[in-house]
Amino acid sequence: MHELSITEGIIKIVESEAKKHHFNKVNSIKLVVGELSGVFPQLIQEYFNIASRGTIAEGAELIIRRVEARMKCNECGNESIIERHRLRCKNCGSLNVRITAGKEFYVDSLEVD
Amino acid sequence: MEIKVVKQILEWNEDCSNEIKDTFEKKNIYMINVMGSPGAGKTSLIVNLINELRKYYKIAVIEGDIAGQIDAEKIKKMDIPVVQLNTDGACHIEAMSIKHILQYFNLDEIDVIIVENIGNLVCPAEFNIGEDIRVAILSIPEGDDKVEKYPLMFSTSEILVLNKYDMKSYFDFDDKKVESVARELNPNINIFRVSNKTKEGLNELVNALKNAIDKKIKK
């Protein structure tokens, strides 16, 4: 339910880049969204279209790259995908694992004129 | 033209959360973020925690609610400094709201701030608010599938309170299953079985919090 404040965060980033690089139009914005970030990508574009009205980001297409959640076992070193948030090593069963990917949520790059 | 940016989208919230952490480090304050569904027993737990923890610390409370003052009035009657934070529809508390509200407290006269987050198992988990510890409450009547359904809440909390534990016999609540799922999401989570009505299990929780508080603040 807070996709609106998230899209405002994206617009703030675009506006601060516009001050540095002096572009006039944003064609697309590449976002990286990890599976563990809690963000629902399908809704962001729609909220973005509303929130960006009248800003330099208006009309931009969001290109979202999903990153799957991964973990590495501290006991046996096995690396695997995290499914359903389960932090148990699929090789040795240990719970002593660390998350190596999936929490990402950032603006990667802008395509501008 | 492509411009490489690589900037965290929720950076403003993280920055603000870190700012609050710095303030609390200087002022020697410990913050507890209490989260859970509407009706899980957040306010009752906070009332019980105040009664125990006030023997050792000066407590203050931030009551987050979408609307109204009901919870804040309860706490006020206990003679505890409290500020009601109305989010006016928003589903969670953000660090910025906490930062703005701190001016209403005398931080030199506080050891522990307890924040009651908005009743919601989803959004509050995504926003750090400068807290030292997260306490997630799941009450027995809500059902034993909630940890599985709302993983982020339980994978980011240090403490899980299974509240209304005295009602366990009335509901098909498999607490062993909840415990094993919670540990797979969050191997270091501390689980407490509590009834805020009978006070059963409350002592263990209070002691765990007291140990955590004493590790941080110097009295």
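The points below take up the sheets, a helix, a recorded site and the contact between chains. The model is predicted. In chain A, 3 strands form an open antiparallel sheet, while in chain B an open parallel sheet is built from 7 strands. The two chains touch each other, with 23 residues of chain A in contact with 22 residues of chain B.

**The sheet of chain A**

- The strands of this open sheet follow the order β4-β3-β5, and their pairing is antiparallel.
- β4 (79–81) and β5 (97–101) of chain A are the edge strands; each has a single partner strand, so one side of each is left without a neighbour in the sheet.
- From one strand to the next, the twist averages 35 degrees.
- Strand β3 (residues 70–73) of chain A runs antiparallel to β4(A) and is joined to it by 3 bridges.
- R70(A) has I81(A), in β4(A), as its bridge partner.

**The recorded site in chain A**

- An unreviewed UniProt entry lists C73(A), C76(A), C89(A) and C92(A) under "binding site".
- These residues span 20 residues in sequence, yet no two of their C-alpha atoms are more than 8.6 Å apart, so they gather at one spot.
- C73(A) lies in strand β3 of chain A, whereas C89(A) lies in the loop between β4 and β5 of chain A.
- C73(A) is buried, having 21 other C-beta atoms within 10 Å.
- C89(A) is likewise buried, with 21 other C-beta atoms within 10 Å.
- Beyond its neighbours within four places in sequence, C73(A) has contacts that include C89(A), C92(A) and V97(A).
- With residues up to four places away in sequence left out, C89(A) touches several residues, among them C73(A), E75(A) and C76(A).

**Helix α2 of chain A**

- The buried residues of helix α2 (residues 41–51) of chain A include I44(A), F48(A) and A51(A).
- These three cover an arc of only 70 degrees around the axis, which puts them on the same side of α2(A).
- Q42(A), E46(A) and I50(A) are exposed and belong to the face of α2(A) turned away from its buried side.
- Among the elements covering the buried residues of α2(A) are α1 (3–21) and β2 (61–67) of chain A.

**Where the chains meet**

- On the side of chain B that touches chain A, β1 (2–8), α6 (151–155) and α7 (175–185) of chain B each supply at least two residues.
- β1(B) gives the most to this side, with 7 residues.
- By class, this side of chain B has 13 nonpolar, 3 polar and 6 charged residues.
- Strand β6 (residues 105–112) of chain A and β1(B) run antiparallel and are joined by 5 bridges.
- V107(A) has K7(B), in β1(B), as its bridge partner.

**The sheet of chain B**

- The order of the strands is β4-β3-β5-β2-β6-β7-β8, with parallel pairing.
- β4 (82–86) and β8 (190–193) of chain B are the edge strands, each pairing on one side only.
- The twist in this sheet averages 20 degrees from one strand to the next.
- Strands β2 (residues 30–36) and β5 (residues 112–116) of chain B pair in the parallel sense over 5 bridges.
- E116(B), in β5(B), stands opposite V34(B).
- Helix α8 (residues 202–216) of chain B packs on the sheet and touches β2, β5, β6 (133–139), β7 (159–163) and β8 of chain B.
- The direction of α8(B) makes about 145 degrees with that of β8(B).

Note on methods
Residues are numbered from 1 along each chain as its sequence is written. Chains are lettered from A and ligands numbered from 1 in the order in which they are written. This is a predicted model: local features need pLDDT of at least 70, side-chain atom pairs count only at pLDDT 80 or more; totals for chains, interfaces and linings use all residues. Two strands pair if DSSP finds at least two bridges between them. Helices (H or I, at least four residues) and strands (E, at least two) are DSSP runs, numbered from the N terminus. Axes are lines fitted to C-alpha atoms, for helices over the stretch in contact, and angles run from 0 to 180 degrees between N-to-C directions. A residue is buried if 20 or more other C-beta atoms lie within 10 Å of its own, exposed if 12 or fewer, and partly exposed in between; C-beta atoms are placed from the backbone. The arc is that of the directions from the helix axis to the C-beta atoms. Two residues are in contact if their C-beta atoms, placed from the backbone, lie within 7 Å. Ala, Val, Leu, Ile, Met, Phe, Trp, Tyr, Cys and Pro count as nonpolar, Asp, Glu, Lys and Arg as charged, and the others, Gly among them, as polar. UniProt positions are given in the numbering used here, feature names are shortened, and annotations may be inferred rather than shown by experiment.
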